[in-house]
Amino acid sequence: CQIMPANLSYLKRKIGTTNLYDPYQNIKAGTYWLSRYLKSWSDEASGETLELHALNSYNWGEGGYRNYLKKGHNASSWYYGKKIVSIKNKLISNGGL
């Protein structure tokens with residue numbers, strides 16, 4: 001997970017994260033952020049588009065990603081989210097998830 005050190009104090013208050021270099025805490029924090037982004041976008045999207053919005057917000061920061069969309073780009077044009085959703089779909093089709 002790519003958690004920014006600037007978010008550590010917020011994560012400490014919300015979920016008790018104190019060390020981003022601890023694998024357990026880092027995965028817990030990444031899961032928290034993804035869950036938060038899924039909730040944030042749930043009124044505006046569903047299905048794969050919701051996943052793309054959440055993943056792109058996680059990768060780019062939600063504000064930066066929303067600005068990207070305001071410039072006329074769509075969710076599927078951002079490489080990171082597309083790549084992750086593609087990997088997930090391959091794992092599901094191969095019985096891996």
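Start with the length of helix α3. At 1.5 Å a residue, its 14 residues should span 20 Å, and the end C-alpha atoms are 20 Å apart, which agrees. The expected span here is 1.5 Å times one less than the number of residues. Helices are DSSP runs of H or I with at least four residues, strands are runs of E with at least two, and both are numbered from the N terminus.

A word on the source. This is a predicted model, in which local features need pLDDT of at least 70 and side-chain atom pairs count only at pLDDT 80 or more, while totals for chains, interfaces and linings use all residues. Residues are numbered from 1 along each chain as its sequence is written, and side-chain values use heavy atoms, with hydrogens and water left out.

Now the overall picture. The protein has 5 helices and 0 strands, in the order α-α-α-α-α from the N terminus. Along the principal axes, the C-alpha atoms fill a box of roughly 35 × 35 × 20 Å. Of the 97 residues, 27% are buried; buried means under 20% relative accessible area, exposed means over 50%, and partly exposed is in between, with a 1.4 Å probe and protein chains only. The protein exposes about 6,400 Å², with 55% of that supplied by carbon and sulfur atoms. Those areas come from the Shrake-Rupley method with a 1.4 Å probe, and for residues only the protein chains shown count as cover.

Back to α3. Which of its residues are buried? They are Leu50, Leu52, His53, Ala54, Leu55, Asn56, Ser57 and Tyr58. The cover over them includes α2 (23–41), α4 (62–70) and α5 (79–93); contact, throughout, means heavy atoms within 4.5 Å. Thr49 is also in α3, but it counts as partly exposed because its relative accessibility is 38%. After the helix comes Gly61, with a positive phi near 95°.

His53 counts as buried because its relative accessibility is 9%. Its side chain makes a polar contact of 3.0 Å with the side chain of Tyr65. A polar contact is a pair of N or O atoms within 3.5 Å; within protein, one must be able to donate a hydrogen and the other to accept it, and residues adjacent in sequence count only if both atoms are side-chain atoms. Not counting residues up to four places away in sequence, His53 touches Trp41, Ala45, Tyr65, Leu69 and Ala75.

The second one is Ser57. At 0% relative accessibility, Ser57 counts as buried. Where does its side chain reach? It goes to the backbone oxygen of His53, at 2.9 Å. Leaving aside neighbours within four places in sequence, Ser57 is in contact with Tyr37, Trp41, Glu62 and Tyr65.

Tyr65 has come up with both. With neighbours within four places again left aside, Tyr65 is in contact with Trp41, Leu52, His53, Asn56, Ser57, Trp60 and Ala75.

On to the cores. Nonpolar side chains tend to be buried together in soluble globular proteins. In this model the largest nonpolar core has 9 residues: Trp41, Ala45, Leu50, Leu52, Leu55, Tyr65, Tyr68, Ala75 and Val85. A nonpolar core is a set of buried Ala, Val, Leu, Ile, Met, Phe, Trp, Tyr and Cys residues joined through side-chain atoms within 4.5 Å. The elements that give two or more residues to this core are α3 and α4, and α3 has the largest share, at 3 residues. Another core, of 8 residues, lies apart from it, with Ile3, Trp33, Tyr37 and Tyr58 among its members.

Last, α2. This helix has 19 residues and reaches 27 Å from first C-alpha to last, close to the 27 Å expected at 1.5 Å a residue. Its buried residues are Gln25, Asn26, Ala29, Gly30, Trp33, Tyr37 and Trp41. Seen down the axis of α2, they fall within an arc of 135°, so they line one face of the helix; the arc is that of the directions from the helix axis to the C-beta atoms. On the other side, Tyr24, Ile27 and Lys39 are exposed. Cover for the buried residues of α2 includes α1 (8–15), α3 and α4. At the start of α2, a side-chain oxygen of Asp22 comes to within 3.0 Å of the backbone nitrogen of Tyr24.
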